[in-house]
Each structure stands twice: as structure tokens, then as C-alpha cells.
Amino acid sequence: MTHRASGSRALSTGALARVEGEGAMHVEIVDGKVADVQLNIYEPPRFFEGFLRGRGYAEPADITARICGICPVAYQMSACAAIEDALGVTVDGPLHELRTLLYCGEWIESHTLHIHFLHAPDFLGFDGGVEMAAVHRPLVERGLEVKKIGNQILETIGGRAIHPVNVKVGGFYRVPSRRELEPLRNDLVRGLEMSIEIVDWVSGFDFPDQEMDYEFVSTAHPTEYPIMGDRVVSDRGLDIDVAEFLDHVEEYQVEHSTALQAHLLERGEYLVGPLARYSLFSDRLAPAAAETAQRAGLGPTCHNPFRSIIVRAVEVVHAFETAIAVIDRWEQPAQAAVEVVPRAGIGHGVTEAPRGLLYHRYEIDNEGLIADAVITPPTSQNQATIEHDLWHFVENHLHLDDEELRQRAEVTIRNHDPCISCATHFLDLTVVRE
Amino acid sequence: MIDRKPSLAVWKFASCDGCQLTLLDCEDELLAVAEQIDIAYFLEATRATVEGPYDVSLVEGSITTAGDMERIKEVRRQSRFLITIGACATSGGIQALRNFGDVEELMRIVYATPSFLSTLDTSTPISDHVPVDFELRGCPIDRNQLLEVISAYLAGRKPAIGEHSVCIECKQRHNTCVMVSHGTPCLGPVTHAGCGALCPTFHRGCYGCFGPAEQANVKSMSGALAQLGVSPDEIQRLFHTFNAWSEEFRNPPVQVAAPTRKTP
Ligand code: SF4
Ligand code: SF4
């Protein structure tokens, strides 16, 4: 059923694989030109923002974690940041450090999963990580080992890897002693070595030349490579307090998707995630990560979405170094959490999920109940850009037959590691050629 | 014995992907499992799919759309054993909170044009729609329990998974009771075991993510919470999370003896 590029054509596939969640891609080609590209997200809506109303201020950390099983810590951290902002609470010192350590576990786990199971198979021509393991078993085993160390961080501090139980507004339920963290350190040192090897491995893949003109948006921290922070910045001059986020970013509904899309008012689509963080803050990477990035041939910025696999691998190196530094400095605080007194208020929080900026806003009443909640996940923000990338890609590859076009278009989507569970709160590809 | 490898399929309905991710989190066992069984359908991990029927289907997520009501029937037809994984599939999940209210209202809060959506006004467990061979609890499920269930079904035996409460797991771990010693509200007495009493080990009360234990006495649990000074609204919210639509937690009796400290 292959039609050639000369006329108009139509393609369609089953569910797009190796993305988190469910969706489809629809491409229409009329007279040899791309007429329409839609990222259809048909993940059923779960209405989190709706049923958060009337819940207690302490609940979003656990409830919103269930928006996404791949980045629950991101939800917990953005929720806590926003609620702490509303209640006038500051969490700093060792409790902030412990949150950073927990978050590093999630970056390591999520990025390593994406690199080995979702993205690398595209470059090496396999259907998935398990199939890749049949040929490259040691490479996949190394990936699984690194991923497991990420999970060990999550389990040691959070109790479990998916939906950790130890996070709360104000800090933690229980903080570990130095002795409890010590065994983790040896594994982290081994993980760091392996993560450097992974950068060297993925940087040898064959990358298409595709420099895109993105506006990069990321959380900003005064001194650290962005994981948590209180400002939002872009490489084109956006520099706002987190409280101004919704004044600049508009979420809107499109008919073909259960996920809301977002754009910057008067500026249009933008990109969040590893490419954005790296391009804005590569000068703040930890030493080994910076050195490895250089060896991998990355400049100070990266506009090629295919090379995002290298950037993810570099961020894993950075996460290991950051995690080791936290453990080396660790002094168990006397209190596991800052005291929190409920009061009426509005608060905003941004942190960097592995896939990019995750914004939460809560309005809390004087009994500590939530009056209103807004959650803007990374994939919603990237959706318009993903559609744009796809448009660009298809337009330049109309000569490919339908099957190859479909496969390579999928890669264009997976470059951005879209998380559809997040965004509805992915993928079937249809190409119609007329 | 059959000489072909048994096949496994993983299906997703309304969920967060956390339960199926648990399979990929079996880092030490994953490649060994993949050698013994044919992972025939697991979209989160591979684009390769094999047509059914499947020996074992793992089903994540709840039923929230008319299309999914049909799809689950097809999955059932294609599966020798159907195992639900997690609170969404087993009791409707956190998204079942819509069952208690007005779904139109919820849609309006989240979406400017709710008419673009096609969704049911309930989120229901898989067992409301098709027969289920085994229900694995948890939000998310426990990795070791998952491995036990898969190996049990492949070996043709019953999974060795107890039906006792988190309370018993605390005793096995020699945890101090957070309720007795610290006055922390804890659903451990009525919650299904499986997590190894994780929350109390981290000095917090259990919030019931594994759903009701066998013979959960929700009434006396509510009474005990009220005695700690937990308000009826808070008791209701405690039960109404990830397993809110389970029969036992659906309508917790909260009108028990009013706590003294709440009198104005
Ligand atoms: S039961 Fe919990 S962890 Fe599992 S899919 Fe549902 S929300 Fe996610
Ligand atoms: S203690 Fe309760 S809430 Fe915590 S993980 Fe176990 S079952 Fe879930």
C-alpha cells in the first residue's frame, strides 16, 4: 500500500510505541505538500485539577504523583514548591539537598530508560530494548544497572521508585542518617563511571543534520544547573518569576487531543526539557558532565533534537555527580520537615521533570483546603513544537515510502520523550496522502 | 509442556503507566524473563507486536470511555489468563473520584470545550466489565509480587500472595505502631498487605494505596480515627484516594462519636 511522493497520499499505523502513554500522529499530504500534522492524544482524561478542589493542602504531593508513574518525584516536588509558596514556607539547607538527591534518582532512572529502551533502538534499528538486548546484551545490561542505581536512590530516600511515600509539604516524613546513605555512595561512583561510558556510546550514533529554531524555556536556579528553582527563563529574553508563569504561558485546548497545549503569549511555541536546560545552562554542569559533553562533540547549546539522546546521557552524568556531592556533604537535620501552618494563599512552583518544566499553582483557603489547582506538564508545552518538528521532517522526506516515513516520523516524536500520561492530564500514526 | 514460549501482553487503560513500568523496573530479572516468555504486546517497551491469543495479559488502568469498554472485552477474548495490575485496574483508581461527583463540572474545570471529549461519567475496575483471573493490588504494584504472579501463572499454580493487612507486615518488621505511639492516623489495619508496611517504616501513616484488606473493618477503623481527633471530612478524604471506589472504602461510616477537641 505504498504510494509514491509525486501525487497525494495517505498513511496510517497502529498505536505508536515506546512513548509513555497513548496517542497517535496524523499527517496529511496533499499534492506532495504537507497539509496538516496533528499529535492526537487519546489518553483518557483523568481530571486531576478538578478533583483536587476541596482536598487538603497536604494531599497533592501524593495525588498528583499519580498523574505520571515515570516522573512522580517531579509532580511531588512541583506540588510541594507551589504549596510551600502559598503557605510562606521555605525549605532549604539539607532538606533542599535531600530533595535534589531524590530528584537525581528520578532523572537517572527516567533518562536511562529513555536512552536504552525508547530512543537508542531507533538509531540501531531495533524494535525495542529487549530486542536490542538479544544482540547487544552487555550494553543493555549496563543500562539496566545504571537505571537500577537511580531506583536505589529513590528507594533509599523515598521508600519506593514509583510514587515514593516519603515526600511531604515542608520536607520529608523521615530523613536518612549518614550511615544509611553511605552504602549508596559506592553504587553512585560505579554509576558515574558507567554513565560516562554511555555518553561515549551514544555520541557515536549516526545523527541526521537537523538544526531547529527552538525557543528554549527552563526553570532557573540562582546557582545550580536547573532541577528546582524559582524563575523561568528562555534563550530569547524571557526572565520571569514563577508567579508570573500564567501571565506569559497560555494553555489551550485543541480538538484532536485530550492534552492541553501551551504557548508563550505573543511569542508562540517553545521547547522545554534536556535540550533547553542544556542550551541555557551548560556552563553549570558538574565537571565530569561538562568534560564528557565536550568529548561527545556538544557545543554550549544543542538545537538538534536527535542529539537529545546525548544531552540526556550528559544529564545522567551530572545527576550522579550532584548526588555524590549531596551525600558527601550530608548532615542529618534534627527535623525531617519545616513546620507548616495552613493559611489562605496562592502559590506557584516550577521544577524540572526529566522531560522539562513542570508548573503547579494552588489556591488554598483558610482551612487549608484547595480552592483551585493548575498543572502544566512538560509534554503539553512541547506538543506544538513536536507537531512542528514532524511537519518539517515529513516535508523534507516526502520521497520516502510510507513505511519508512512512518518509522522515521516516530523517531522525530520520540526525540522529545513525550509523556502522554502527563500531557492528559501517544502513539498511532496516520498519514493521509490525497 | 508446550514447546513454544508462553506469551505475555501488557495493556493500558486510564492510568499513570506506573504499574506497567514496574515490569521494566525488574532490572535484574527483565532479560531473564524475556528469555522465558515471549513479550508479545508491550507498547511502552517495544514497537514489535504479535497477534493474540496471549497466555497471560497484564491489564493496567480503569475503564473510563465507551471505546475502552469494548477494547477490554477484546483483550479478554484474546487472553488465557487476565491479571489486573494496580489500583486503577482493580478498583477504578484515583480517577474514580469522578464517580462521587459531577463529571461535567470536572470537565469544565480542566477543559475550555468539554464537548471535544468523549468520556464516561464513571471510572470503573476491569472486573465490572469482564471476568478477571487475578487482581494484583497497589498504587503502584510491588515488583516482587508482580514477578511472583507472572511465574505462578506460567507454572500453572496459584500465586502465593497473602490477603492480610499492612498491620501484620508492620509487626513482621518490628515497627513501632505509628497510631499507638505517635497518634498518627494510619489505614494499616484495613489495608491489603504487599508493600512491606512502607509508610509506617518511614514514620508516616498508611494511606491505603493497596486498597482494602480481606475482611477490612472500616467501621472500627473510622471510630479509631475519630478518637484520634480526625474530623469526619478528613476521614472521608483518607478513604477516598486511590481505591475510593472499592466497595469497602466507598462509603466509610464517618458519623461516629464526635471527637471532643472539635467542639467549639
Ligand atoms: S494503580 Fe497507581 S501506579 Fe498503577 S497505574 Fe494506577 S495510578 Fe499508576
Ligand atoms: S503503607 Fe499503605 S499507603 Fe504506604 S505503601 Fe503500603 S499500602 Fe501504600
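Which residues of α3(A) meet α4(A)? Select A:Val73, A:Ala74 and A:Met77 in α3(A); they meet A:Arg99, A:Leu102, A:Tyr103 and A:Glu106 in α4(A). Contact here requires C-beta atoms, placed from the backbone, to lie within 7 Å. Helices (H or I, at least four residues) and strands (E, at least two) are DSSP runs, numbered from the N terminus.

This is a predicted model, in which local features need pLDDT of at least 70 and side-chain atom pairs count only at pLDDT 80 or more, while totals for chains, interfaces and linings use all residues. Residues are numbered from 1 along each chain as its sequence is written, and chains are lettered from A and ligands numbered from 1 in the order in which they are written.

**The helix pair in chain A**

Display α3 (residues 72-87) and α4 (residues 93-124) of chain A: their axes come within 9 Å and cross at roughly 150°. The crossing makes α3(A) roughly antiparallel to α4(A) (angles under 35 degrees count as roughly parallel, over 145 as roughly antiparallel, 65 to 115 as roughly perpendicular and the rest as oblique). Axes are lines fitted to C-alpha atoms, for helices over the stretch in contact, and angles run from 0 to 180 degrees between N-to-C directions. By class, the contact of α3(A) with α4(A) has five nonpolar, no polar and two charged residues. In this classification, Ala, Val, Leu, Ile, Met, Phe, Trp, Tyr, Cys and Pro are nonpolar, Asp, Glu, Lys and Arg are charged, and the others, Gly among them, are polar.

**The sheet of chain B**

Turn next to chain B, where five strands in the order β2-β1-β3-β4-β5 form an open sheet with parallel pairing. Two strands pair if DSSP finds at least two bridges between them. β2 (38-41) and β5 (134-136) of chain B stand at the edges with a single partner strand each, so one side of each is left without a neighbour in the sheet. From one strand to the next, the twist averages 25°. Select β1 (residues 7-12) of chain B, which pairs with β2(B) in the parallel sense over three bridges; B:Ser7 has B:Asp38 in β2(B) as its bridge partner. Helix α3 (residues 66-78) of chain B packs on the sheet and touches β1, β3 (54-60) and β4 (79-85) of chain B; its direction makes about 130° with that of β4(B).

**The domains of chain B**

Colour domain 1 (7-155) and domain 2 (166-250) of chain B separately; the bounds come from an automatic or database domain assignment. Their centres, taken over C-alpha atoms, are separated by 25 Å. In contact are 14 residues of domain 1 of chain B and 13 residues of domain 2 of chain B. α4(B) provides the largest share of the domain 1 side, three residues.

**Ligand 1**

Centre on ligand 1, which has 15 residues around it; B:Cys16, B:Gly18, B:Gly86, B:Cys88 and B:Cys139 come nearest. A residue is near a molecule or strand if its C-beta atom, placed from the backbone, lies within 6 Å of it. Residues from chains A and B surround ligand 1, so the site is shared between chains. In chain B, α1 (18-24) and α4 (87-91) each supply at least two residues of this shell.

**Ligand 2**

Finish at ligand 2, whose surroundings include A:Val165, B:Val166, B:Cys195, B:Cys199, B:Cys206 and B:Cys209. This site too is shared between chains, because residues from chains A and B surround ligand 2. Its shell divides into ten nonpolar, two polar and no charged residues.

Technical notes. Two residues are in contact if their C-beta atoms, placed from the backbone, lie within 7 Å.
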